[in-house]
Amino acid sequence: DFPAVPDVPEDCETFEGNARKKALGYAKAVGIWTLADDSGLVIDWLDGRPGVRSARYCGSKPPEAERTLIDHRNIEKVLEEMQGVPKKQRTARFVCCICLAKPSGVLLESKGTVEGVITEEKIGSGGFGYDPIFYVPELRKTMAQLDGEQKNKISHRGRAIKTLKPKLERLLAGL
């Protein structure tokens, strides 16, 4: 809706920082409340990488037209770095941080996570990003094997929205 507004750079060291920076930056640029998020994959064995660099782990953030190719390269890089790591040490989580801001400041923030294990190879064809290598033990499937409804129920984004919803209801009730 605002094509003249330039992208806010995602250069913070945390998901929370990037979500906050984007929400505030866009809210100030357009003069209305703005919701922004930042999310990615955190792998314990890799000291939290790819983390806030998840979308651009193998290089710069891609244009949408090249997303599948970059996703493939990001996955390959993770699998290479995780080669030979025992299953019990392949723990990881998807993280999503959401921020709602008005031009003068932050209104609300929330966070959602989903725990999993990095597989040794791609499994499944659904989803995007790291979904084919992110195994959810309690479901015995990778995120790429889940249908949309299953994924939305357990995803980091879904959990962040569920956490945000009651906060937003309280905020709006107080207006």
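Helix α2 covers residues 67-81 in this predicted model. With its 15 residues, α2 reaches 21 Å from its first C-alpha to its last, close to the 21 Å expected at 1.5 Å a residue. Which residues of α2 are buried? They are Ile70, Asp71, Asn74, Ile75, Val78 and Leu79. As for what lies against them, the buried residues of α2 pack against β1 and β3.

That brings us to the sheet. Five strands form an open sheet in the order β1-β2-β3-β4-β5, and their pairing is antiparallel. The edges belong to β1 (34-43) and β5 (141-142); each has a single partner strand, so one side of each is left without a neighbour in the sheet. For β5, you can follow the pairing with β4 (residues 134-136), which is antiparallel and runs over two bridges. Here tyrosine 135 stands opposite threonine 142 in β5.

Helix α1 (residues 15-30) also packs on the sheet, where it touches β1, β2 (91-102) and β3 (105-118). The direction of α1 makes about 160 degrees with that of β1.

Now look across to leucine 175: aspartate 7 and leucine 175 are 168 residues apart in sequence, and their C-alpha atoms are 30 Å apart in space.

Definitions and conventions: Residues are numbered from 1 along each chain as its sequence is written. This is a predicted model: local features need pLDDT of at least 70, side-chain atom pairs count only at pLDDT 80 or more; totals for chains, interfaces and linings use all residues. Side-chain values use heavy atoms; hydrogens and water are left out. Two strands pair if DSSP finds at least two bridges between them. Helices (H or I, at least four residues) and strands (E, at least two) are DSSP runs, numbered from the N terminus. Contact means heavy atoms within 4.5 Å. Axes are lines fitted to C-alpha atoms, for helices over the stretch in contact, and angles run from 0 to 180 degrees between N-to-C directions. The expected span of a helix is 1.5 Å times one less than its number of residues. Buried means under 20% relative accessible area, exposed over 50%, partly exposed in between (1.4 Å probe, protein chains only).
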